There are 2 protein chains.
Amino acid sequence: MGIEDGLWSRSRRAAYAEITQVAMRLFLDQGFAATTIDQIAAAAGISRRSFFRYFGTKEDIVLGDLAVQGELVRDALEAVPLTVPPWDALQEALWKVEGLVGDDETMLKIATMMYETPSLRARSIEKHLQWQRLLVPNVRRRLGSDPTDADDVAADAIVASAIACLDAAGAVWARNGGAADLKELYRRAVESVRS
Amino acid sequence: MGIEDGLWSRSRRAAYAEITQVAMRLFLDQGFAATTIDQIAAAAGISRRSFFRYFGTKEDIVLGDLAVQGELVRDALEAVPLTVPPWDALQEALWKVEGLVGDDETMLKIATMMYETPSLRARSIEKHLQWQRLLVPNVRRRLGSDPTDADDVAADAIVASAIACLDAAGAVWARNGGAADLKELYRRAVESVRS
DNA sequence: TGACCGACTGGCACTCAGTGTCAACGGGGC
DNA sequence: GCCCCGTTGACACTGAGTGCCAGTCGGTCA
């Protein structure tokens, strides 16, 4: 059932790309909130109803990748030896995935739009909470936590803080127009939290 | 212009309390998502339109206080001497406000509802982001950061992590049915992040 | 007491997101 | 050629949230 490249899945992937591209142009052109689903559907040449068969919400066009990236981070984290302490392992896993995203130019536009659109910001954090659920089990093993101890907050706290640092770094990065280096900002963020 | 206790503001406050109470009963009874604005308005004896004059969104009924609490935390933080290091000052400020909230019984019900209702969870995080904007300036002063250095992530990272710890502690607290002590959970969360 | 002002209210109509349903279409296997 | 199955578009519907307007009611001043 793995990678089937029948006509169905191929054209479906093409449709995803097409819709995303068209919608992004509209978002960056006239703003996220001011763009309606009808406009996107019309511009993409599909019906309103079909749009919702590709994306559950308008926000998913922008943030849909975050769900996938979460699984990539988890996989990358699983690949790091359990002897590596949590913070270092998380950093390594995050960088492995962060390297896959597109060019800084469009990244910056998306990030800026995200940080000034409340509903987008909220959804992005919601997605990051899903990351948390994916990453916590591995960090618990890394800490040698008792799997039956429901009161153990350590792993939850560390993962939540790491993501908070990534978020803070991203916010500063976007605020300054992408001038600083994101990795360096994250490194400094973690450093100041832990010192 | 300060605290005017004319008939207008008194009855307005009473209306707030009335609507909140009625709505909470409905939420806890039949779930947040399954409760419509029309039901709340009807139960509170007001029109649909008037409801939106009191609360901007359905989520604000549950989370409205968070905005106010944010300002309280800021004020409490401002009251802590600048010589106290960030983490300690934040903890002190958070506890001062956390002590004001109601009994654990209803708090737990609300927290549980929040953690299993996506839209509520998202909004609550959005509110916590507002806390961040309120608290960061003070923490920057505490760190002796250069006010003109836009690249300085330290304060943002610390505040974001502290709130993340509070959130993680709250999640664990709600997950276990309010068995553990929230303050103790937070203390342990911060400890594991910084060790 | 009566006229007036300003805030609150309810009702109506509207936009927009999101969902359920159903008939029509179109490719792949027999 | 025929059937199965996934996709599509059209229609109708709910529910959140907003703009507008006319009516109401408390407070104020003459």
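A salt bridge here is a side-chain nitrogen of Lys or Arg within 4 Å of a carboxyl oxygen of Asp or Glu. By that rule, two salt bridges cross the interface of chain A and chain B. The model is predicted.

**Extent of the interface between chain A and chain B**

- Contact between the chains involves 32 residues of chain A and 31 residues of chain B.
- Together the two chains bury about 2700 Å², and carbon and sulfur atoms account for 60% of this area.
- On the chain A side, 20% of the area buried against chain B comes from D151(A), V153(A) and V193(A), more than from any other three residues.

**Polar and charged pairs across the interface**

- One of the two salt bridges joins D156(A) to R175(B), with 3.7 Å between the closest N and O atoms.
- That separation of 3.7 Å falls within the 4 Å limit, so the pair counts as a salt bridge.
- Between chain A and chain B, 10 residue pairs are in polar contact, with both residues at pLDDT 80 or more.

**Make-up of the chain A side**

- Three helices of chain A each give two or more residues to the side that touches chain B: α7 (118-143), α8 (154-175) and α9 (182-194).
- The greatest contribution to this side is from α8(A), with 12 residues.
- By class, the chain A residues that touch chain B are 20 nonpolar, five polar and seven charged.

**Surface near DNA strand D**

- There are 19 residues around DNA strand D, and those that come nearest are S50(A), R53(A), Y54(A), R48(B) and R49(B).
- At least two residues of this surface come from each of α3 (48-54) of chain A, α1 (7-30) of chain B and α3 (48-54) of chain B.
- The surface near DNA strand D comprises seven nonpolar, five polar and seven charged residues.

**Individual approaches to DNA strand D**

- S50(A) has a polar side-chain atom 2.4 Å from a phosphate oxygen of DNA strand D.
- K58(B) approaches through its backbone: one of its backbone N or O atoms lies 3.3 Å from a phosphate oxygen of DNA strand D.

How values were computed:
Residues are numbered from 1 along each chain as its sequence is written. Chains are lettered from A and ligands numbered from 1 in the order in which they are written. This is a predicted model: local features need pLDDT of at least 70, side-chain atom pairs count only at pLDDT 80 or more; totals for chains, interfaces and linings use all residues. Side-chain values use heavy atoms; hydrogens and water are left out. Contact means heavy atoms within 4.5 Å. Buried area is the accessible area (1.4 Å probe) that two parts lose on being put together, summed over both. A polar contact is a pair of N or O atoms within 3.5 Å; within protein, one must be able to donate a hydrogen and the other to accept it, and residues adjacent in sequence count only if both atoms are side-chain atoms. Helices (H or I, at least four residues) and strands (E, at least two) are DSSP runs, numbered from the N terminus. Ala, Val, Leu, Ile, Met, Phe, Trp, Tyr, Cys and Pro count as nonpolar, Asp, Glu, Lys and Arg as charged, and the others, Gly among them, as polar. A residue is near a molecule or strand if one of its heavy atoms lies within 4 Å of it.
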